[in-house]
Amino acid sequence: MKLKQRLYLSNVIMIILPIVFVLASGYLIFFTVNRHFGQEFYQHWRENATYFKLTESIEEIGKQKKTTDLTQQLQEMYEKKGSKQVEVFYFDDQNQLVWKSEQEVDSVVEQVLAQPMLKQVSFDQRLIEKIPFQKGTVIVVNNAYHAMIEKQLFEHKELLQKLIWISLLVALLLTVIAMMVFARILYQPIKKGLSVLIKGVDTISQGELDYRIDYQTKDEFQEAIDNFNQMASRLEIMVEQQQQLLENRKALIAGMSHDIKTPLTSIKAYVEGLEQGIAQTPEQYARYLQIITQKTNELNRLVDQLFLFSKLDIGEETIHYDQVIVDDALRAYIVEHELEFQTKELIVKLDLAAPTTKVWIDPQHLRNIWLNLFENSLKYARVSPVVIHCQTKVEYDQLLIRIEDNGQGVEPTQLPYLFDIFYRGDQARTNPGKGSGIGLAMVKKIVESANGTVSAYLTGVGGLGIQILFPQDKEEGFDGTNFNY
């Protein structure tokens, strides 16, 4: 039962109980009096009460100043309040009988009527009372008058008072006890709900984030406890994400230290070689300078990549969205780097089937995607020549992009981790100078900034494939400002 229903029931019971106990006390008084004065006491008392009520009503009618049908009023009054033991006779101012209830006028009634000063006569359980009735007289006869009732009540007045006070005190005590019991019944579920909530809060505050409250009672606390459990689950996830973020930052710092140290070590070694005169010929001198320049460029590119990745990660990178036809952008990038690809023995094959499909993306960021994917294949393919197959097509209102190489791929267990910052597969670990572990992580950040998704897979020939899905632009007025990145 819910607390609201308990409150309603408790309030109703607290109203009804005093009434019930008072009625019970009245019955107790009646039962005690009936046992004390005899089994017929209540019946006799009612008969007397009926007689007195009837006489009072007749007196009120007799005092009326308006001339009305008195006989009709008397008859109606008798039918309403009279009984078989009561007789009523109405005489006019000449002592002539005008109306009677049932019985005939006997000698006793005539004697009472004949004596003006006589108002009431009582004998042999018979009470005769004469009532002035406007210009006439009404005589009421009670043939079952119990004269001892009033005397008995008067003689036992103190007993009756004590009995009434005791009954009322018992009724009050029972009411208080009942209210305390019902208040306890109502308070227990509230106490239980508050206790489990307080315990849950204390447990969570002590760091046990996996704690959940088991509460099966169907009441208002269940909704609050369900919300508490949901809050605890979200808090646990947030803390886990925060811990994972801290671990990622530690890995980022460690990776940055490693990847920056590698080219710096090379630069330092070649600079020392120049200082010590190891490069004795102009060709060696030029070669040393070329390597220093190359390592400096690598270091500069690494810092730029880290800077861009960090800004994307915290959402501070200003992204200039534009409508871009991906097929055209990919062709333009390949043409721009054609000589470089020939030098590095890289062959690019195109299968572009979305010549007019546009997506909302920063054009420079899209170039970053091609740069990182192509460089990733060149670094880790370990074949010659490296063949990259580029495919685009539209599927279900999305632009599908696949970039596949003919390299040696990676272990299937490594696929879920390729886009993690500073993650390197086994091949990269054997040759750490080749990769920084930032490229694919950068690709993922850029794709997600444009509401896309990216995943890795193994091709049929064993190489590595990267699949990108972008929502295509339908030119419905979207301005690129509602991306979550």
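Lysine 393 is partly exposed, with 26% relative accessible area. In this predicted model, the side chain of lysine 393 forms a salt bridge with glutamate 395, and the closest N and O atoms of the two are 3.0 Å apart. Glutamate 395 is likewise partly exposed, its relative accessible area being 29%.

In total, 6 salt bridges are counted. Another of the bridges connects glutamate 336 and arginine 367, with 2.7 Å from N to O. This pair ties together distant parts of the chain, since glutamate 336 belongs to helix α9 while arginine 367 belongs to helix α11 (residues 363–380), 31 residues apart. Glutamate 336 has a relative accessible area of 49% and is partly exposed; arginine 367, at 29%, is partly exposed as well.

Arginine 331 is partly exposed at 37% relative accessible area, and aspartate 328 is partly exposed at 40%.

Turning to the chain as a whole, the secondary structure comprises 13 helices and 12 strands. The protein chain has 485 residues, of which 36% are buried. Its accessible surface amounts to about 29600 Å², and carbon and sulfur atoms account for 55% of that area. Where contacts join residues at least 6 apart in sequence, 65% of them bring together residues at least 24 apart.

Because 7 of its 8 residues are buried, strand β12 is largely enclosed by the rest of the structure. Two strands pair with β12. Strand β10 (residues 398–405) runs antiparallel to β12 and is joined to it by 7 bridges, with arginine 402 standing opposite glutamine 467. Strand β11 (residues 453–458) is also antiparallel to β12, over 6 bridges; here tyrosine 457 is placed opposite glycine 465. Strands β11 and β12 form a hairpin with 5 residues between the strands, and in this hairpin glycine 462 adopts a positive phi near 95°.

Which residues touch the most other members of the largest nonpolar core? They are Ile369, Phe374 and Phe470, in a core of 45 residues. Helix α13 (residues 439–449) supplies the largest share of this core, namely 6 residues. In soluble globular proteins, nonpolar side chains tend to be buried together. Leaving out residues up to four places away in sequence, phenylalanine 470 is in touch with Val359, Ile361, Ile369, Gln398, Leu399, Ile401, Val447, Ala450 and Gly452.

Glutamine 472 lies in the segment after β12. Although glutamine 472 and valine 359 are 113 residues apart along the chain, their C-alpha atoms are separated by 4.9 Å. With residues up to four places away in sequence set aside, the contacts of glutamine 472 are Thr357, Lys358, Val359, Val394, Asp397, Gln398 and Leu399.

Two further helices provide a view of other parts of the chain. Asparagine 229 sits in helix α7 (residues 220–275). Is asparagine 229 buried or exposed? Its relative accessible area is 14%, so asparagine 229 is buried. Beyond its neighbours within four places in sequence, asparagine 229 makes contact with Arg212 and Ile213.

Isoleucine 16, by contrast, is part of helix α1 (residues 3–37) and counts as partly exposed because its relative accessibility is 44%. A nonpolar patch on the surface is formed by Val12, Ile15, Ile16, Ile19, Val20 and Leu23, which together have about 560 Å² of accessible area.

How values were computed. Residues numbered from 1 in each chain as written. Predicted model: local features only at pLDDT ≥ 70, side-chain atom pairs only at ≥ 80, totals over all residues. Heavy atoms only, no water. Buried < 20%, exposed > 50% of the residue type's maximum accessible area, 1.4 Å probe, protein only. Helix = DSSP H or I, 4+ residues; strand = E, 2+ residues; numbered from the N terminus. Pairing = 2+ DSSP bridges. Patch = residues over 30% accessible without salt bridge, like charges linked within 9 Å, V, L, I, M, F, W, Y side chains within 5 Å. Areas by Shrake-Rupley, 256 points an atom, 1.4 Å probe, with all protein chains shown as cover. Salt bridge = Lys/Arg side-chain N within 4 Å of Asp/Glu carboxyl O. Core = buried A, V, L, I, M, F, W, Y, C linked by side-chain atoms within 4.5 Å. Contact = heavy atoms within 4.5 Å.
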